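Dear colleague,

I am passing on the structure that we spoke about, and below it you will find my notes on what was found. Please read them with the structure open.

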Amino acid sequence: MSKVVRVAVTGAAGQVSYSMLARLASGEVFGPNTHVILQLLEIPRSVNPKAMDALEGVAMELEDCAFPTLKEIKVTDDPLQAFDGANWVLLVGAAPRGPGMERKDLLTKNGQIFVGQGKALAARAASDVRILIVGNPCNTNCLVAYHNGKDIPAERWTAMTRLDHNRAVSALAVKSGVTNDAVTCMTIWGNHSNTQYPDFTNAKINGKPATEVITDRKWLETSFVPQCQERGKAIINKRGLSSAFSAGNGALDHVKSLLKPTPANDWVSMATVSKGEYGVPKGLVFGYPCKTDGAGNYSIVEGLQLDAFGKTKWDLTLKELLEEQDAVKELLPS
Ligand code: NAD
Ligand code: LMR
């Protein structure tokens, strides 16, 4: 093996992590010539007597896969140990919402987690660390973690809108009777919440504007957009639990996209710490269209236009993120 990569995952005994860890260890994400060291964090036995036991069971399963690419598994309840020297960090550990809740209802319960983890990351992570926040509400949790871990450059912190991106691609593919790979240039603007704007106006199907292939504008505005916005809730209503393997898949797609240059005729959705692109206030974690260079870096696709419908939706998602920022202001160091 030519390389070793340390990957920290929090909430490692939870259902999203359970769907992700074997894939992370297997070579699928970092390739067949990279050894992976998994650094897995759960909450202490004093808080939940079962979590560390469950994590130890997950570690046993990982051992039993005998992946040639898996070098070591560390399990811990200490964020400083979990993040020590980590090159990639997936912050999944946080309570999920249940039926009848919005993701922002989790802010008070989950926001605090990201104060300590932001600080621990700044203290211990590798100098090249890349961090993805999955735990909800992920944009604002990312904002909290970034503001508490500011020794790590802003561009290393991202939150996950890739699940929404994949949902939107799939919905357009089903409607137009094409395969998923024919849908490109999808953007999830703004928040991973029911105000997100899945932008069908800039998307393409077989290289043509999606609005030329799907000419039923009413369906796009009144079925497609709300379906994407409320998909997480629809899954909770059916399963009684929030999405798990599709979420883990979205997180791995996000990391894989950072490790592979985006094709010239496409882009991906990521929520990033805004540098003011498209007029978003600096520092807010906002979902954008992104291009990647394959070395862990992204740039925002500039110059996309929105029509009046899209602009209205875009303003709503920005407004919600500003409200969420206000709700956690005591967690943000001045
Ligand atoms: P889960 O309850 O199955 O697992 C969460 C795990 O996190 C638990 O094992 C818990 O003990 C652990 N945990 C809690 N606080 C922790 C902390 N401070 N440090 C380390 N571990 C901690 O939940 P899940 O279904 O795996 O979902 C995890 C999170 O991901 C939720 O917040 C959920 O809403 C979110 N999620 C986000 C997306 C997205 O698209 N961004 C998609 C799906 C799920
Ligand atoms: C999702 O979109 O499936 C997740 O964010 C879980 C949720 O609460 O909807």
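This is a predicted model: local features need pLDDT of at least 70, side-chain atom pairs count only at pLDDT 80 or more; totals for chains, interfaces and linings use all residues.

Residues are numbered from 1 along each chain as its sequence is written, and chains are lettered from A and ligands numbered from 1 in the order in which they are written.

On the domains: the assignment for the protein chain gives domain 1 (3–159) and domain 2 (162–325), with bounds that come from an automatic or database domain assignment. Their C-alpha centres lie 23 Å apart, and 31 residues of domain 1 are in contact with 28 residues of domain 2, where contact means that the C-beta atoms of two residues, placed from the backbone, lie within 7 Å. On the side of domain 1 that touches domain 2, α7 supplies the largest share, six residues, and the residues of that side divide into 18 nonpolar, six polar and seven charged. Here Ala, Val, Leu, Ile, Met, Phe, Trp, Tyr, Cys and Pro count as nonpolar, Asp, Glu, Lys and Arg as charged, and the others, Gly among them, as polar.

On the core: the largest nonpolar core has 93 residues, and those with the most contacts inside it are Leu38, Val89, Ile133, Val134 and Cys142. Such a core is a set of buried Ala, Val, Leu, Ile, Met, Phe, Trp, Tyr and Cys residues joined through C-beta atoms within 7 Å; a residue is buried if 20 or more other C-beta atoms lie within 10 Å of its own, exposed if 12 or fewer, and partly exposed in between. Helix α7 (residues 138–148) gives the most to this core, with six residues, and at least three residues come from each of domain 1 and domain 2. Helices (H or I, at least four residues) and strands (E, at least two) are DSSP runs, numbered from the N terminus.

On the ligand: the shell around ligand 1 holds 30 residues, of which Gly11, Gly14, Val16, Gly93 and Ala247 come nearest, a residue being near if its C-beta atom, placed from the backbone, lies within 6 Å. The elements that give two or more residues to this shell are α1 (15–18) and α12 (245–259), and its residues divide into 16 nonpolar, twelve polar and two charged.

His192 is found in the loop between β8 (188–189) and β9 (197–198) and is buried, with 29 other C-beta atoms within 10 Å; leaving aside neighbours within four places in sequence, its contacts include Pro137, Cys138, Asp164 and Gly287. Ala12, in the loop between β1 (3–10) and α1, is also buried, with 28 other C-beta atoms within 10 Å, whereas Gln15 is partly exposed, with 17.

With best wishes
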